[in-house]
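Thanks for coming, everyone. Please look at the structure on the screen while I talk.

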Amino acid sequence: MRKLRNYINSRWTDAAGGGRGLCVNPANQDEVLAETPASQVADVDAAMRAASDAFAGWSRTPMPKRAALLAEFLRRFETQEEEFARTITTENGKTLRESRTEFIAAVKEADYQISHARRYGGKFNASEMTGVTC
């Protein structure tokens with residue numbers, strides 16, 4: 001059985017409280033897929049602090065470099081299509097065909113969004129929700 005951990009601030013960590021949970025196959029409740037950390041508010045706070053601390057450096061990274069980094073991540077992600085499709089199927093009960101389609105759609109959307117990181121500027125629109133821009 002896989003034992004999963006949180007990835008916070010470039011390190012794999014256990015939940016702050018040390019608790020664990022089980023992820024079971026929804027189609028077969030007797031099949032345990034993985035043991036997961038029972039994350040708490042302290043874990044979320046640590047992740048948010050790490051993201052906030054990293055933001056300053058990321059925001060100073062030139063946009064073409066950001067796009068290149070994200071594109072490299074996407075290339076590596078694409079090589080794991082079968083693993084992700086099988087995981088989606090196991091966790092959600094979808095057919096493998098549906099899961100593969102979902103994976104490919106996610107890759108295409110990510111590629112589209114990365115293309116915007118290669119451009120300077122942009123257009124901001126008001127959202128119908130207060131305090132949100134698009």
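**Surface, fold and a few residues**

Let me begin with the surface. The accessible surface of the protein is about 10,100 Å². Carbon and sulfur atoms account for 55% of that. The method is Shrake-Rupley with a 1.4 Å probe, and for residues only the protein chains shown count as cover.

A word on the source. This is a predicted model, where local features need pLDDT of at least 70, side-chain atom pairs count only at pLDDT 80 or more, and totals for chains, interfaces and linings use all residues. Residues are numbered from 1 along each chain as its sequence is written, and side-chain values use heavy atoms, with hydrogens and water left out.

Now the fold. The protein has four helices and five strands. These are DSSP runs numbered from the N terminus: helices are H or I with at least four residues, strands are E with at least two. Along the sequence the pattern reads β-β-β-β-β-α-α-α-α. The radius of gyration is 19 Å, well over the 14 Å that the globule rule gives for 134 residues, so the protein is more spread out than a compact globule. That radius is taken over C-alpha atoms, and the rule is 2.2 Å times the number of residues to the power 0.38. The C-alpha atoms fill a box of roughly 50 × 40 × 35 Å along the principal axes.

How much of the protein is buried? Of its 134 residues, 18% count as buried. Buried means under 20% relative accessible area, exposed means over 50%, and partly exposed is in between, with a 1.4 Å probe and protein chains only. Next, contacts, meaning heavy atoms within 4.5 Å. Take those between residues at least 6 apart in sequence: 44% join residues at least 24 apart.

On to the aromatic rings. A pair of rings is described by the distance of the centres and the angle of the planes. Rings of Phe, Tyr and Trp (its six-membered ring) pair if their centres lie within 6.5 Å; planes under 30 degrees apart are stacked, over 60 edge-to-face, the rest tilted. The count here is five aromatic pairs. Tyr-7 and Trp-12 have ring centres 4.7 Å apart and planes at 55°, so this pair is tilted. Trp-12 is exposed, at 53% relative accessible area. Elsewhere, Phe-73, Phe-77, Phe-84 and Phe-103 form one aromatic cluster.

Now two loops. Asn-9 lies between strand E2 (6-8) and strand E3 (11-13). Ser-10 is in the loop between E2 and E3 too. Most residues other than glycine have a negative phi. Yet phi of Asn-9 is near 55°, a positive value. Phi of Ser-10 is positive as well, near 65°. Ser-10 is exposed, with 60% relative accessibility.

Pro-26 sits in the loop between strand E4 (20-25) and strand E5 (28-37). Its relative accessible area is 43%, so Pro-26 is partly exposed. Which residues does Pro-26 contact, beyond its neighbours within four places in sequence? They are Thr-90, Glu-91 and Asn-92. From Pro-26 to Thr-95 is 69 residues in sequence and 14 Å in space, C-alpha to C-alpha.

Last stop, Thr-89. Thr-89 is in helix H3 (residues 81-92). Leaving out residues up to four places away in sequence, Thr-89 touches Lys-94, Thr-95, Leu-96 and Ser-99. Arg-100 is 11 residues from Thr-89 in sequence, and 9.1 Å away in space, C-alpha to C-alpha.

That's my tour. Thank you.
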